[in-house]
Amino acid sequence: MSEPELRIPVRGMSCANCAATLERILRGEPGVREVRVDFASEQAVLRHNPATASLERIVGKVAEAGYAVPTARAELRISGMSCANCRAAVERALLHRVPGVVRAAVNFATEQATVEYVPGLASTAELLRAVEEAGYRAEPLSAEDPGAEDVEAAAQRRETVEQLRQFAVGAVCALPLFLLSMGRDFGWTGAWSHAPWVNVLFWALATPVQFYTGLGYYRGGWVSLRNRSANMDVLVALGSTTAYAYSVAVVLLPGLGGHVYFETSAVILTLIKLGKLLEARTKGRTGGAIRRLLGLRPRTAVRLDERGREETVPLAAVRVGDRLLVRPGERIPVDGVILEGHSAVDESMLTGEPIPADKGPGDRVVGGSVNGEGLITLKATAVGQATVLAQIIRLVQEAQGGRAPIQALVDRVSAVFVPAIVAAALAAFALWWALEGDPVAAMIRMVAVLVIACPCALGLATPTAIMAGTGKGAELGILFRSSESLEAAGSLTTVVLDKTGTVTTGKPAVADLVPLGPEAPSAEELLRLAAAVEKGSEHPIGRALLAAARERGADPGVPAEFRAVRGRGAEARVAGELVRLGKPAWLAAEGVDLAEAAAPLARLQAEGKTVVAVARGRRLAGLIALEDRPKEDSAAAVARLQAMGMETVLLTGDTEATAHAIAARVGIARVFAEIPPEGKARVVERLQAEGRRVGMVGDGINDAPALARADVGFAIGTGTDVAIESAGVILAAGSLQAVPRAILLSRRTRRTIRQNLLWAFGYNVLLVPVAAGVLHPFAGLPVFLRELHPILAAGAMSLSSLSVVANSLRLSRWKDEKPPLDTEARRP
C-alpha cells in the first residue's frame with residue numbers, strides 16, 4: 001500500500017526541542033515513517049500507512065503530546081442514501097478517499113454528514129468528489145470553504161489574543177513592582193518602603209505574573225518533562241520560580257534574609273512574554289509568501305449553465321469541464337482554457353513578470369491570475385489541488401518544511417542544550433556559594449544562567465532563513481523544490497545550458513532571404529512564394545515562413561495541387577505556377593540548377609542555419625535561411641553568470657557549426673555539441689569529475705537525466721513535465737535571467753543562515769559564562785557585566801531569538817536590482 005505524505009499544521013511548540021520531542025513521539029507510532037517536525041513553519045511532515053496509523057490517531061498523539069492540530073468542520077447534505085449500509089459507504093468514502101479527513105459522521109435520518117478535516121490536506125471540493133465517486137450526491141450546507149489559511153489564522157489569532165492578555169497582566173503588575181523595588185533598593189523611597197507589609201504587596205503583585213503570565217511556561221515545561229525532554233519553557237520556569245520561591249520564603253520566614261526578588265521573577269516573565277509576542281509576529285512574516293499565494297484564490301466563481309445563465313457558486317463546487325465567466329479585474333478561479341473573449345492576464349503570481357500576457361480563445365489561463373480589461377469565458381481544466389497555484393503552494397511548503405544539511409548539527413546541539421544549561425546553572429550556584437559563602441548571590445547567578453540561555457535562537461536560525469528565501473523565490477517565479485536545492489544552488493561553480501528551448505526560443509525563424517537565379521524575385525516576393533506553398537502547414541519551417549510573411553504584410557494567396565514530399569520538401573501551384581520548396585539536394589535532383597547558390601549556401605550552413613531552396617518550375621528563385629534564435633535575454637543572463645564568477649557551458653545535440661554559432665552570439669566559450677540525449681548526463685558527470693559543482697538548465701524530456709544528475713537541476717517552467725519533475729529548481733517564467741537570480745538568492749540565504757548561526761551560537765557561548773559570573777574578578781568592567789542581573793539576562797534572551805528572525809526577514813525585502821558585486825562572487 002502506498003504511503004501518502006501528510007503535512008500537518010501544529011500549534012503550541014515553543015522551541016526546537018518541542019519539535020524534536022513531537023518528532024520522536026510520532027516516529028514511535030506504528031505505521032508512521034519519515035517524520036519531520038519543523039518549529040519555524042509549525043508543521044509536521046510524515047509518511048504513514050493509513051491502515052495502521054490513521055490520521056485521527058496521529059492527530060490524537062499530537063494532542064496527547066501537549067500540542068494541537070487546527071482542524072475545520074464541513075457540513076454536507078447527502079442525497080441518494082437508501083439504508084444504513086449507504087451511510088457506512090459514505091463514511092468509508094470520506095475517511096479513505098480523502099487523505100486529510102480526521103473524522104466523518106453521517107446521519108442517515110437527516111441526510112447530513114459532519115466532517116472534521118485538516119485544511120491544506122483536504123477541501124470541501126475533495127469531500128464532495130469522494131461522495132460522488134461513491135455513487136451519491138453531495139452539496140455543501142455552507143457557502144464558506146475554510147481553507148488552511150483561515151483555520152490556522154483563526155487559531156493563531158486566538159493564541160495571540162491570549163498571549164496579549166497575559167502580557168497585559170504582566171505589564172500592569174510588573175511595572176509598579178519594578179519601580180517600587182528599584183526605588184527602595186536605591187534609597188529613593190522613604191522608610192515606609194522597608195516595612196514588612198511592602199514585601200507582602202510585592203508578593204501580591206508578583207503572583208498574577210508568576211501563575212497567569214507564566215502559566216504557559218509551566219504547561220510547556222510539564223509537557224516537555226512528561227515527554228522525557230527539556231525545552232526553553234523548563235529554563236524559564238526554573239529560573240523565575242527560583243527567584244519567586246526564595247522571595248516567598250523570605251516573606252514567610254524573615255530570618256532567611258531581608259531582600260526579596262519578586263520584581264526579578266515578574267519582569268523576567270513579562271519581558272520574555274513580550275519577546276515571544278514580537279518573535280511570533282516577525283516569524284509569521286517570514287512565511288508571508290505562503291499566505292499571499294493562498295490569498296490569490298477567490299472564494300466564488302461565476303458558472304454558466306447550458307442556457308448561458310449565470311450562477312455564483314462556491315469555488316469548491318466548480319468541476320472540470322464547467323464553463324466559467326470572468327469579468328474584467330476579477331481573479332480567474334481555476335485553471336482553464338479560454339473559449340470566448342480576449343484579454344491581458346496578469347500572471348505575475350506565477351512568473352514574477354509584471355507585464356500582462358495577451359490571451360485569446362484556445363489559450364490556457366491559470367487560477368489566481370488577474371483578468372485585465374476583457375470579458376472572457378473559459379472551460380475549467382483543473383480544480384482544487386490539481387491547479388497550478390495549488391502545486392506552487394505545495395512546492396513552497398515542501399521547501400520551507402525541509403531541513404537544510406546544516407540543520408543536522410543544530411539539532412544535535414539543541415538535543416543536549418537545555419540539560420547542559422541546567423547543569424551549568426547548578427555548577428555556577430555551587431561554585432559561587434563555595435567561593436563567597438553567599439547563597440543568595442549564587443542563586444541570582446544561577447537564575448541569570450537559566451534565563452539568558454536561548455535554545456530558540458538556535459532552532460530558528462536555519463528554518464526562518466529557508467522560509468524567507470523560498471518565499472521570496474516564489475514571488476520571483478523561482479520555485480525551489482527543497483531546502484537542499486536552495487542551499488546547494490549558492491555553491492555552484494559551473495552552469496550547463498541546454499541549447500534548444502533554453503538558450504534559444506526552440507522555434508525556427510526566418511533569418512536570411514537570398515534571391516537568386518536569372519529572374520531573381522525581390523526578397524518579399526521570394527518569401528511570399530515560400531509562404532504560399534506552406535500555407536496551412538503544421539511543419540515548424542512552414543509556420544516560421546507564414547509568420548515571417550504576416551510580419552512583413554505579404555499575402556501568400558491560396559495554393560493549389562499541394563503535395564508534400566516526406567523528408568524533402570513540398571510543392572504547390574501558386575498563381576498557376578509550380579513552386580517547389582525544400583532541401584537544396586532535392587531541388588537539384590528535380591533538375592534545378594544550384595550552381596549560383598553554392599557560395600551563399602555554404603556560407604549560411606557554416607553559420608549553423610537551416611537552409612531551404614525555392615524554385616519556380618526548374619528555375620532557382622532563391623534561398624531562405626532559418627535559425628533557432630537565442631532568447632532576448634540569453635546573452636544578458638550568460639554575461640551575468642560569468643560576472644558572478646561562474647563558468648557557462650552550452651550542451652546540445654545539434655551540429656558543431658550551429659552550436660558554436662549560438663554560443664558565440666550569447667557569449668559562451670565552452671561547447672559540447674552533437675551529444676545524444678543519453679550522453680548529456682555523462683557530460684555533467686565529466687564536469688563533476690573535474691571538481692566542479694554543476695547546475696544544469698533544461699526544458700525537454702531528453703534533459704531529464706542530466707537535470708537529475710547535476711548538483712542542482714533548473715527546469716524551465718514552460719518545459720516538459722518530465723524535465724520539471726527531475727529538477728530541484730523550477731523557473732516558472734521560462735527566462736534564463738531567473739538562473740542568476742536564483743543563485744544570488746541562494747547565496748543570500750546561505751549568508752543569512754551563517755549569520756544567524758554565528759549569532760545564535762556566539763550569543764550562548766559568550767553570554768552564558770558572563771551570566772555565570774566569569775567577568776566578576778575584572779574590577780575595571782561595568783557592574784552590569786560583572787554582576788549580570790537576571791532581568792538583563794531575560795531581555796537579552798528575548799532579543800536574541802527576535803534578532804535571528806528579523807535578520808531572516810531581510811530576505812523578504814531582497815531585490816534583484818543591481819549586477820553582482822565582487823563580494824557576491826562564488827564562495828564554496
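# Close-up views

**View A. Helix α23 (residues 656-666) lies across β19 and β24.** The helix runs at about 55° to β24. Axes are lines fitted to C-alpha atoms, for helices over the stretch in contact, and angles run from 0 to 180 degrees between N-to-C directions. Contact means heavy atoms within 4.5 Å. Helices (H or I, at least four residues) and strands (E, at least two residues) are DSSP runs, numbered from the N terminus. The model is predicted: local features need pLDDT of at least 70, and side-chain atom pairs count only at pLDDT 80 or more, while totals for chains, interfaces and linings use all residues. Residues are numbered from 1 along each chain as its sequence is written, and side-chain values use heavy atoms, with hydrogens and water left out.

**View B. Six strands form an open antiparallel sheet.** The order is β19-β24-β23-β22-β21-β20. At the edges are β19 (504-515) and β20 (560-565), each pairing on one side only. Two strands count as paired if DSSP finds at least two bridges between them. On average, neighbouring strands of this sheet are turned by 20° against each other, direction ignored. Helix α18 (residues 523-533) packs on the sheet. This helix touches β19, β20, β21 (569-574), β22, β23 and β24 (619-630). Its direction makes about 105° with that of β21.

**View C. Strands β22 and β23 pair in the antiparallel sense.** Four bridges join β22 (residues 577-582) to β23 (residues 610-616). Val 579 stands opposite Arg 616 of β23.

**View D. Strand β25 (residues 647-651) pairs with β18 and with β26.** Four of the five residues of β25 are buried, so this strand is largely enclosed by the rest of the structure. Buried means under 20% relative accessible area, exposed over 50%, and partly exposed in between (1.4 Å probe, protein chains only). Strand β18 (residues 494-498) runs parallel to β25 over five bridges. Val 495 has Thr 648 as its bridge partner in β25. Strand β26 (residues 670-672) is also parallel to β25, with three bridges. Here Leu 651 is bridged to Phe 672 of β26.

**View E. Thr 213 is buried in the model.** This residue lies in helix α6 (residues 196-213), and its relative accessible area is 0%. Its side chain reaches the backbone oxygen of Gln 166 at 2.8 Å. A polar atom of the Thr 213 side chain also lies 3.3 Å from the backbone nitrogen of Gly 170. Polar contacts are pairs of N or O atoms within 3.5 Å; within protein, one must be able to donate a hydrogen and the other to accept it, and residues adjacent in sequence count only if both atoms are side-chain atoms. Leaving out residues up to four places away in sequence, Thr 213 touches Gln 166, Val 169, Gly 170, Pro 208, Leu 269 and Lys 273.

**View F. The second largest cavity has a volume of about 50 Å³.** Its lining consists of Pro 518, Glu 519, Pro 521, Arg 616, Arg 619, Leu 620 and Ala 621. Strand β24 gives the largest share of that lining, three residues. On a 1 Å grid over the protein atoms alone, a cavity is a set of points where a 1.4 Å probe fits but cannot get out; lining residues have an atom within 4 Å of a point. Grid points are joined across faces, edges and corners, and a volume is the space filled by probe spheres set on the points. By this rule there are four cavities of 30 Å³ or more.

Technical notes:
1 Å grid on protein atoms, 1.4 Å probe; cavity = no way out; pocket = protein on both sides within 12 Å on 5 of 7 lines; lining within 4 Å.
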